[in-house]
Amino acid sequence: MALMAGMIRRLDETVVNRIAAGEVIQRPANAIKEMMENCLDAKATSIQVSVKDGGLKLIQIQDNGCGIRKEDLDIVCERFTTSKLQTFEDLASISTYGFRGEALASISHVAHVTITTKTSDGMCAYRASYSDGKLKAAPKPCAGNRGTQIVVEDLFYNVATRRKALRNPSEEYAKILEVVSRYAVHNSGISFSVKKQGETVADVRTLSNATTVDNIRSIFGNAVSRELIEVGCEDEILAFKMAGYVTNANYSVKKCTFLLFINHRLVESSALRKAIETVYAAYLPKNTHPFLYISLEIAPQNVDVNVHPTKHEVHFLHEDSILEHVQQHIESKLLGSNSSRMYFTQTLLPGITASSADVVKPASSSSTNQGIKDKVYAHQMVRTDSRDQKLDAFLQPANKSKTSGPAAEESNKKKACEESGPQDAEMEECIDFNVRAIGAETVEKPEGSSERQRMSPEDTPARKKHRIDDDMEIEEDAKQDLTAACTPRRRIINLTSVLTLQEEISNQANANLQEMLHNHSFIGCVNPQWALVQYQTKLYLLNSTKLSQEMFYQILVYDFGNFGVLRLSEPAPLYDLAMLALENTESGWTEEDGPKEGLAEYIVEFLTKKNEMLKDYFSLEIDEHGNLTGLPLLIDNYIPALEGLPMLILRLATEVNWDEEKECFESLSKECAMFYSIRKQNIMDESDLNGQQTDESGPSKHSWKWTVEHVLYKTFRTYLMPPKKFTEDGTILQLANLPDLYKVFERC
């Protein structure tokens, strides 16, 4: 069968216009770009954009420019109607954004367009609607401000395939923000705003009196604006001028942000991008990029702007020479700014990946047979020694004790006991931490009898001796038989609620954090809340308050019902403690809660009824007269700050869930843990808090710093199972690590 030649037909004008519209308006961002350029050509100083569903449902753009004459509304949406071009030769000197007259025509062929406009000399505004480039009805007069408002509805309603391809409104809105942001940076004397319809806050907003740097700061953030270098050069022979801002060597991101304007037109140039990034490759880490804003002004007769339907590409003469000039100028600016670096970032602990098996061996231990494999490089060396000085060694004490020797130590002991003064609840005597005896503390015998005994240093169990000599390891049997306070266990607790709480703690534990705490080297205290430690080649800042609170909670759960007792020298009336707590603003008491005396009496009565359970499970002893006589002994050589005791009594009565067993034990343990944790507000000695303390060479006075280092952090090594949340909530912060520091300084 012979092949028949196809008939060539003239396409219908509607089809031609829709094909052309699809080339010019590829997505909502293109429509906004075209209309925004018309606003700029109209000398507008304020441009407001509002969109719905990513611009597919609605686009509204309003300016305060010169407006459109009523006589021109008839043909404003027809193809090739423009006020900026008359002859072909005018293209050689075109200085406006638009020149083809296709923008509004293309939009009207794929959407419903309504224009409201008013000129400066017009008596009123006029509104007109368009479809397929034609005016639907005669323009109607209406109220309006000077300028033009264009409303585009149902974009691509008649191009089903394009509409389906653009079904992600969030992605389209992001591209709209990108386009408007770039024009806002370049046009610093004009106010821009973009928002979703119905929203009151704009996602992009710049002011008419803002500078280019101000606009970069408001759109791209302070991290970019503070690292900017101003660039600018010109060449009369090549007839071009370059201006802009680029980031210095301090700033680097994974994706390059490149704003390029040629003759104030937003365009792309892969050749210029590669040329500039080649310069930055010598200054930035591998696979990172800078922020670039470049504005090139080239003689109009040397630029061909009519090479792409959307005008995002242009061609110009002497391209290679101009690129070389720009490249050399930016390189000279970077050389001048590379004399110093600034760092503003703080790295949150992402989770330690190295295990104890990965710790680098000392160079002396590597054998010649292993050769290069076990070679230890400088950036891998762990520089730590137990004999090294701590952070406090570099801080000069404000005053030193003039007396020394045993006599001074004895006098300091007496002075410390005398200065404590009458308190709501005192310990029986000042504890001598040097010999590590717990004479003021009474613990139950392992047989479970009601007798009490005092433990001497010689009787200290093996687990307690482990804290004196860190090189000794705890035997598993001893670990099972002793509590965290090194007192014998009286009984085994098999309550389901307690076992569930223990299982929750175990499941939430982070093995990497636990290993870090177990093998850390203590550096020093910043204040009672924060301390510095080193682990391998990393430096960490730890929140001692949160760590101690979590540790005491875990001890209360795991040693449940097996605590020793810290006996108070004098019984502390619960009524007085409750009144002290209610007087504190932290209690939240208001007149609506009733008289304080009545609340205090209720607290006494309530806790007295619970005294048997509190004594049996938590060693919190309350006598029949409503007096507090004993506190649980949680860890060896640690006495909680008694300033927090009134709030503990109040919170035990008000914050503990006494109805459900598991919730009761959990909330009660958390309240006790909060009381036992080290807290800045409970450190009463201000001179001690500021580090202006007397000479601590003797054992007579042990400040909070000594307690944090030698009691809490040594206990963290053995008993604390840090939960995973500590890697995210700022409890453990990584400040620096040796390999990264080598990368930073190797370029200096």
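Predicted model: local features only at pLDDT ≥ 70, side-chain atom pairs only at ≥ 80, totals over all residues.

Colleague: Is α2 roughly parallel or roughly antiparallel to α5?

Modeller: The two helices pack at an angle of about 25 degrees. Angles under 35 degrees count as roughly parallel. The angle therefore makes the relation of α2 to α5 roughly parallel.

Colleague: Is the crossing of α2 and α5 left-handed or right-handed?

Modeller: The helix axes lie 9 Å apart at the packing site. As for its hand, the crossing of α2 and α5 is right-handed.

Colleague: How many nonpolar, polar and charged residues are in the contact of α2 with α5?

Modeller: From α2, the residues P28, A29, I32, K33, M36, E37 and L40 take part, and they meet E172, K175, I176, V179, V180 and Y183 of α5. Sorted by class, this contact of α2 with α5 has nine nonpolar, no polar and four charged residues.

Colleague: I now turn to the loops. Is K43 buried or exposed?

Modeller: K43 is found in the loop between α2 and β1 (46-52). Its phi is near 65 degrees, a positive value in a residue other than glycine. Exposed means over 50% relative accessible area. Because K43 has 69% relative accessibility, K43 counts as exposed.

Colleague: Is N637 buried or exposed?

Modeller: N637 lies in the loop between β25 (627-633) and α19 (645-654). N637 is not a glycine, yet its phi is positive, at about 65 degrees. The cut-off for buried is under 20% relative accessible area. N637 has 2% relative accessibility and therefore counts as buried.

Colleague: Which residue in β7 stands opposite Q60?

Modeller: Strand β2 (residues 58-63) and β7 run antiparallel and are joined by five bridges. In β7, the residue opposite Q60 is V151.

Colleague: Which residue stands opposite T148 in β7?

Modeller: Here the partner strand is β3 (residues 112-118), which runs antiparallel to β7 and is joined to β7 by seven bridges. Opposite T148 in β7 stands T117.

Notes:
Residues numbered from 1 in each chain as written. Heavy atoms only, no water. Axes fitted to C-alpha atoms, helices over the stretch in contact; angles between N-to-C directions. Helix = DSSP H or I, 4+ residues; strand = E, 2+ residues; numbered from the N terminus. Parallel < 35°, antiparallel > 145°, perpendicular 65-115°, else oblique. Left-handed = near helix turned anticlockwise from the far one by under 90°. Contact = heavy atoms within 4.5 Å. Nonpolar A, V, L, I, M, F, W, Y, C, P; charged D, E, K, R; others polar. Buried < 20%, exposed > 50% of the residue type's maximum accessible area, 1.4 Å probe, protein only. Pairing = 2+ DSSP bridges.
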